[in-house]
Amino acid sequence: DLSVRRLHIVGMPGVGKTKILREVLLGKNVADASISLSTVQNMEVPWLERLGQLVGVRKAEDVAGAVIQVLNGFRHPLLALDDVDQASGEMLAWIERIMAAVPQLKLLGTARHRPTNPGIAVCDVEPFSIDAHRSKTATDLLISFASHFGADGDELVTSRAELDGIAKLLDGLPLALEIAAAWLSILSPTSLRLRLLASPGLISSQPGAGRDSLVDCVSVICNDLAEEDRRALMCLCVCRGGCGEDLGEAMLGGDWPWRVRTLVDRSLVLRVPGASGHRF
């Protein structure tokens, strides 16, 4: 829509807003130039300095002028801003300056909350439907992810009811479904559903709240570990090339297979084939 200059993709955490934003940027005929900013990336170099490095400017106060000069050389430039409603006042003021100086520039952002500014158009993104009678449901997405991660195809077909239950527990959120699907190469659908019923925090922070990030999810799982299991995980992380039987026993003691097994059940350890048997 040529009359829309600002558009926010709005939805709850884990619904796939950032994924949509990336897909748009990869699309053809969307823009002839684009700048992408994220408000929540933890980087040692501040965002304005990183942007200055890209346009060849050393002083932060000169970055805006350089960006304006570059963007004015294009007919359809686009500014993509992930998590726009978490942007700092400094970043928002900088963006407003750029938008005012480049009239053909469009802003595409993602946000958890609908904007109060009436001049911003909104594209609402909802979780996948958990209604089993509809097409392209959350269960279908869960199965697609699980197949990608190597889950048993026949078991997925015969466990449709259990998978429906898992999708319902996760409110149809794509990110939560993707995390759960990775477990299905290790646990049966029945085991995973029972585990989620007993410990919803393993994927969802609280019932119905969805998932904030993969980092948060792993943190919750790590907090659920016994101290011995945490130590085992640290040892395995040090041995990135893989941990075989001899090394495992030397580091973790005689009960090392049990320690590794409990971590495998939590999807924090990968089992891979090696020359001398399975490695972890």
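1. Let's start with a helix pair: the axes of α7 and α9 come within 9 Å of each other and cross at roughly 30°. The axes are lines fitted to C-alpha atoms, for helices over the stretch in contact, with angles from 0 to 180 degrees between N-to-C directions. Helices (H or I, at least four residues) and strands (E, at least two) are DSSP runs, numbered from the N terminus.

2. A word on what you're looking at. This is a predicted model, where local features need pLDDT of at least 70 and side-chain atom pairs count only at pLDDT 80 or more, while totals for chains, interfaces and linings use all residues. Residues are numbered from 1 along each chain as its sequence is written, and side-chain values use heavy atoms, leaving out hydrogens and water.

3. Back to α7 and α9: their crossing is left-handed (the near helix is turned anticlockwise from the far one by less than a right angle; clockwise would be right-handed). From α7, the contact (heavy atoms within 4.5 Å) takes in Glu162, Leu163, Gly165, Ile166 and Leu169, and from α9 Pro189, Thr190, Leu192, Arg193, Leu196 and Leu197. Sorted by class, that gives seven nonpolar, two polar and two charged residues. Here Ala, Val, Leu, Ile, Met, Phe, Trp, Tyr, Cys and Pro count as nonpolar, Asp, Glu, Lys and Arg as charged, and the others, Gly among them, as polar.

4. Leu184, for one, touches Leu142, Ala146, Ala151, Leu156, Leu163, Pro189 and Leu192, not counting residues up to four places away in sequence.

5. Buried means under 20% relative accessible area, exposed over 50%, and partly exposed in between (1.4 Å probe, protein chains only). The buried ones are Pro174, Ala176, Leu177, Ile179, Ala180, Ala181 and Trp183.

6. Now for Leu105, in the loop between α4 (89-101) and β4 (106-111). At 1% relative accessibility, Leu105 counts as buried. Leaving aside residues up to four places away in sequence, Leu105 touches Arg5, Leu71, Pro77, Leu78, Leu79, Ile98 and Met99. Leu105 and His76 are 29 residues apart in sequence, with 6.5 Å from C-alpha to C-alpha.

7. Another helix pair: α2 (residues 47-55) packs with α3 (residues 63-71) at an angle of about 45°, their axes 10 Å apart. The two are therefore oblique to each other. Leu48, Leu51, Gly52 and Val55 of α2 meet Val63, Ala66 and Val67 of α3, which by class comes to six nonpolar, one polar and no charged residues.

8. Finally, two backbone details. Asp83, in the loop between β3 and α4, has a positive phi near 60° without being a glycine. Asp171, in the loop between α7 and α8, also isn't a glycine and has a positive phi of about 60°. Asp83 counts as buried at 11% relative accessibility, whereas Asp171, at 28%, counts as partly exposed.

Conventions: Angles under 35 degrees count as roughly parallel, over 145 as roughly antiparallel, 65 to 115 as roughly perpendicular and the rest as oblique.
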